[in-house]
Amino acid sequence: MIDYSKKLNSKAAALKPSGIRRFFDISEQMENVISLGVGEPDFQTPWHIRSAGIESLENGKTRYTANRGMEPLRKEIVAYMKRRFNLTYSPNEALVTVGGSEAIDLAVRALVEQGDEVLIPQPSFVCYEPIVALAGGTSVIIELKSDNDFVLTPEQLEEKITDKTKVLVLPYPCNPTGGIMRKEDLEKIAPVIIKHDLMVISDEIYAELTYSGERHISIAEIDGMWERTVIVSGFSKTYSMTGWRLGYALAPDPITALMTKIHQFAIMSAPTTSQYAAIEALKNGDDDIKKMVDEYDTRRRLVVDGFNKIGLTCFEPLGAFYVFPCIKSTGLTSEEFCEKLLYSKKVAMVPGTAFGDCGEGFVRVSYCYSVEHLKEALNRTGEFIKELKGSE
Amino acid sequence: MNKKLLKLLEKNARYTTTDLATMLGITEDEVRAQIEEMKKEGLIRGFKTVVDWERLDSAYVSALIELNVTPLPDSGFEEAAKKIMKYDEVETVYLMSGGYDLCVIVKGKTFQEVAMFVGKVLAPMKGVISTATHFVLRRYKELDIVLCGDEGDDRGNFWL
Ligand SMILES: Cc1ncc(COP(=O)(O)O)c(C=O)c1O
């Protein structure tokens, strides 16, 4: 018998399991669960985009592409970034990846080595810490606060910087909080980043999903920051293309070149069909974005209002497609709350702690669902809260 | 005029005033007033339900009829169109560009009934030069609503 524990990579084996595994298993045993637990759009990929993918297959485009992605796609990415976010990159500074996920992995692997510290504001998406760990780096967590809408402040940043700090992960618009960083917020942290000569991995996968007249600003647009920033983005959330597995990174040439080198050995090239579909998305998809954003916005208002009425206070999230209500008034922990709600009302939400310890006291609610579905979930949650109060 | 309100109502006429107000970030009184106003202005013409009658025995048949009509000197096709639309059997009347002039959608209980309506009412009508009747065999999508099953939601309950 092989003792696998001696064979397996100890860094990988030591990674914490995902905080939702247990809930996933419980809900698998149940019927008629009303879920608010999914971090992907309910919309189908717009037909003209799917159609472009299909057409590429019909035309026999079934081979590898250039390692860094097809030239026409990289040109479209760069034109799109200029048009929608006023950012200037050359096509050679764009790398097409297997989802934003791979772009994050590559950025970390290209920048971080043994002994480096990486600052990760939390609550935030779950992949940063494990990827840093596998690269041999050390994650240093910055706990964001609900009282300032989960914005990263220069004081919070400064406090965690040591002479080993090399990279800051900037996860805005934020999964799970829905928080954003406005231009003035970015201008406050930029001097700290520059003073300490840090690099930034800016996860802007939700850049298009902002509301109430807010427009996402990239940290790369702030003076002195372009040369220190790796932007990670992708097609999953913007065009409802999660299953196509396509994303990209934008960074100054020396960084893109190194990321491309790793990508070339690990992946070869991103999926070809998806690259063709993505060209169509970037060329003719601006209207689709507007339609989806308008739709998300009406749902967002409905859900924020719903939670506040139930008595679970909820700051107004201005980005992504999540709300992050506070459940401290129930006296339950996030996990207890989600488990009880799931068992008693069959409503699925993700405990805030899945996104870092400081997510305690909150739950993540996705509004990637129809209005009817959201209303039913809110009704059931309202009953749940009433029954909790009644039984006190 | 509130375009966002119109779009929501076009999608689902049964949203409650409360929900509409919340979704748009305006008050319920404003929602009510704006809907009344838009009705008065004729922007909102009615509210209907899309029914999949094919699931019942009482399914009806409908046909799209292409009409060629001699235009009148002053009013063109207007007179014929307005006359045709008065019949209860007629669901839709459009003036068309291209190969024919008026597109008329007619509903009836049976193929026979629709054919009779075309033969006895539309074809002999003054100014009508010719008709071509195309029966609808199956409705897949109507007024943005899919009638033949849709792509469904295959997402799980939890995903980060
Ligand atoms: C903040 C954030 N970054 C990155 C990703 C990865 O997305 P993908 O790999 O589909 O582009 C996600 C997906 O949920 C996310 O929420």
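A salt bridge here is a side-chain nitrogen of Lys or Arg within 4 Å of a carboxyl oxygen of Asp or Glu. Keep that rule in mind for the first stop.

Before you start selecting: this is a predicted model, where local features need pLDDT of at least 70 and side-chain atom pairs count only at pLDDT 80 or more, while totals for chains, interfaces and linings use all residues. Residues are numbered from 1 along each chain as its sequence is written, chains are lettered from A and ligands numbered from 1 in the order in which they are written, and side-chain values use heavy atoms, with hydrogens and water left out.

**Stop 1: the salt bridge**

Select Glu295(A) and Lys11(B): their side chains form a salt bridge, 3.1 Å from N to O. The rule finds 2 salt bridges across the interface of chain B and chain A.

**Stop 2: the wider interface**

Now show both chains. Contact (heavy atoms within 4.5 Å) links 20 residues of chain B with 38 residues of chain A. The buried area, meaning the accessible area (1.4 Å probe) that two parts lose on being put together, summed over both, is about 2,300 Å², and carbon and sulfur atoms give 56% of it. On the chain B side, pick Arg155(B), Phe158(B) and Leu160(B); these lose the most area to chain A, together 41% of what that side buries.

Color helix 1 (3-11) and helix 2 (17-24) of chain B, each of which supplies at least two residues of the side that touches chain A. Helices are DSSP runs (H or I, at least four residues), numbered from the N terminus.

**Stop 3: the ligand**

Where does the ligand lie? Center on it and you will find it between chains A and B. Around the ligand are 14 residues (a heavy atom within 4 Å), and those that come nearest are Gly100(A), Ser101(A), Asp203(A), Ser236(A) and Lys237(A). Helix 6 (residues 99-111) of chain A gives the largest share of this shell, 4 residues.

Finally, draw some distances from ligand oxygen atoms:

- to a polar backbone atom of Gly100(A), 2.6 Å;
- to a side-chain N or O atom of Asn175(A), 2.9 Å;
- to a side-chain N or O atom of Lys237(A), 2.6 Å.

The protein covers 95% of the 400 Å² of accessible area that the ligand has on its own, by the Shrake-Rupley method with a 1.4 Å probe.

Note on methods: Polar contact = N/O pair within 3.5 Å; in protein donor to acceptor, adjacent residues only side chain to side chain.
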